[in-house]
Amino acid sequence: MGEVIIAELDSPERVVQAARSVRALGYARVEAFTPFPIPELEDVLGVRRTRLPRLAFVAGLGGASLALLVQWWTNAVDYPLDVGGRPTSSLPTDVLIVFESAVLFAAITAFAAVLVGSRLPRLHDPLFDLPGFERTSLDRFWLLIRDAYDDDAGILDEAQALLDAELARLGAVVTRARLTEAGA
Amino acid sequence: MRRGVLVPLGIGLAAGALTLVYALVDARRALAAWTAAFGFVLATALGAMVLVMVLHVTGARWWRVLRRVVVAVAGTTPLLALFFLPIAGSLELVYPWAAPPPDLPERVARALAHQQAWHDPRFFLVRSLLYLATWTALSVLLRRADAAMSRRPTAARAARERTLSAAGLPIVAFTLTFAAFDWLMSREAGWVSNVFGVYVFTSGLLSALAVIGVASWMASLRGLTDGAGADHFHAVGRLTLMAVILWAYIAFFQLLLIWIANLPAEVSFYWARSRGSWRTVDVVLVVGRFALPFVLLLSRSLKRSPLFLAALGSWLVVTSALDFEWLVVPAAGASPSLADAAPFVCVFALAWAYGAHLVYTRGRAPEERGAAEDAVRRDALRYRSP
């Protein structure tokens, strides 16, 4: 953990402009905290589209194959039962279970992947300790610049001054904060 | 008149002449194909009408920029009355109940005798008139409400569209179900499927969205879509994917229930459609109208491409026509025939010409005049697909 620079803004339009300026200055590890989703920000900050759908698709295919295999094996191989002369293994009836399993596997995989991917079963983040952070879920828009960090405090001062000058016209309040893992 | 109207009109009239020749060679067979083509355009127009109504009722705004096209597809409904005339004039050639063949199995003959009161020709024509009048009235009302809204959007006009749609949806649901029973299912003597009306609707919804995909692309090339972008086409693509799945779902469950019960009175439908060249049609429908479009439409980038939606839409229009050929023609033991394309092309091209005419007559000017105070259009332009 180390020091980060925070720019606080008061409107969605301004946070998009500010993010553009920050990116133009060459900072890459920039995060935004906003009360509601702002689609334009994703493009500016270079947020990639999630690869979750592909994972869910593969999991769905896996579930479907497994269901087909299990039904074929139980009905046609392990315990064949003659019901009114019907074929022991038949695709039309298998489709129901195949479909349900595909949905189940895809859904569980997607759910688990979201949890793991967003490191969710976690109760605290050092960010929460920063004064005023709770307002990012109400009416404030934060840009968090992580890669202004350096061991040399002088570089950080310089970066803060530069950002301050750059973002002042947008009414940004630029501050520095130290993130500590220790928490309370 | 514009080229966009004249060309399909010319194609439609030429195909109409070919259909006439077809009818002179084999009237019964040509009428079977005409009924299938009629069912195809009927389901497409009403599928679009239900779509318009649902979009009004749910208060969707994204489609405002494509509205002219979507409403025009639903607006082709009045033509149905015209297309129905050949069928009304020769019931005994189209429907087994109007002139039962002598060699019917006893089971089928009993079923027909049981249905005699319902299938009285005068009663049948009165019902047909009722369906056609209802739909024509609804489509004219929807189109007028839409024209008023595009001249000057007001809250009262939007509320009127919503009320009209909320009242119209159950009406269309019932009339479409009964019309599907009367006009299409009754060709299959003694065969009954409760889900048939829903099948026709879902097939028509898919066909309508395919037409909307093609027409939106063409309209956007001519600057008639009021600024539709990738996000709006994405929304159309998502709905098309939904319709593909819905149609396959209904078709599959009809098959599954009949297959698993395995009763002679019910399997006759699939028996007739699993022999000879119909087998090829079965495969083309399952692969071409479900598997292939399903997999392609899963892709986000493809759904966002207007050109792709137009190409896939054209293919889906063809397979939709094939679906109605498959649904209607085999009843009397007939095989699929290339000559059947003539009535399909005729009916579809004439409906397209009329729809294109509706798109053009909406004009460009009112959109621009009302644009400043049109909050709905502003919302539609700001629409971003997730």
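This is a predicted model: local features need pLDDT of at least 70, side-chain atom pairs count only at pLDDT 80 or more; totals for chains, interfaces and linings use all residues.
## Interface of chains A and B

Across the interface of chain A and chain B, zero salt bridges are found. A salt bridge here is a side-chain nitrogen of Lys or Arg within 4 Å of a carboxyl oxygen of Asp or Glu. Residues are numbered from 1 along each chain as its sequence is written, chains are lettered from A and ligands numbered from 1 in the order written, and side-chain values use heavy atoms, with hydrogens and water left out.

Eight residues of chain A are in contact (heavy atoms within 4.5 Å) with nine residues of chain B. The buried area is about 820 Å², with carbon and sulfur atoms giving 78%. That area is the accessible area (1.4 Å probe) that two parts lose on being put together, summed over both. A:Arg49, A:Arg86 and A:Pro92 supply 50% of what chain A buries against chain B, more than any other three residues. Helix H4 (residues 91-117) of chain A gives the largest share of the side of chain A that touches chain B, four residues. Helices are DSSP runs (H or I, at least four residues), numbered from the N terminus.

## Nonpolar cores

The largest nonpolar core has 98 residues. Such a core is a set of buried Ala, Val, Leu, Ile, Met, Phe, Trp, Tyr and Cys residues joined through side-chain atoms within 4.5 Å. Buried means under 20% relative accessible area, exposed over 50%, partly exposed in between (1.4 Å probe, protein chains only). The residues with the most contacts inside this core are B:Trp135, B:Trp183, B:Val200, B:Trp326 and B:Leu327. Helix H2 (residues 27-58) of chain B gives the most to it, with 17 residues. Another core, of 24 residues, lies apart from it; A:Ile5, A:Tyr27, A:Phe141 and A:Val174 are among its members.

## B:Ser128

B:Ser128 lies in helix H7 (residues 121-151) of chain B. It counts as buried, at 1% relative accessibility. A polar atom of the B:Ser128 side chain lies 2.8 Å from the backbone oxygen of B:Phe124. The side chain also makes a polar contact with that of B:Trp183, at 3.0 Å.

## Salt bridges

Over all chains, the whole structure holds 13 salt bridges. B:Arg67 and B:Glu161 form one of them (2.3 Å, N to O). B:Arg67 is in helix H3 (residues 67-74) of chain B and B:Glu161 in helix H8 (residues 155-184) of chain B, so the pair ties together parts 94 residues apart in sequence. B:Arg67 is buried, at 5% relative accessible area. B:Glu161 is buried too, at 3%.

B:Asp120 pairs with B:Arg122 in a salt bridge, the closest N and O atoms being 3.7 Å apart. B:Asp120 is partly exposed at 26%, whereas B:Arg122 is exposed at 64%. Salt bridges that share partners join A:Glu8, A:Arg135, A:Asp139 and A:Arg140 into one network.

## A loop residue

B:Asn262 is not a glycine, yet has a positive phi of about 60°. B:Asn262 sits in the loop between helix H10 (230-261) and helix H11 (264-272) of chain B.

Note on methods: Helices (H or I, at least four residues) and strands (E, at least two) are DSSP runs, numbered from the N terminus. A polar contact is a pair of N or O atoms within 3.5 Å; within protein, one must be able to donate a hydrogen and the other to accept it, and residues adjacent in sequence count only if both atoms are side-chain atoms.
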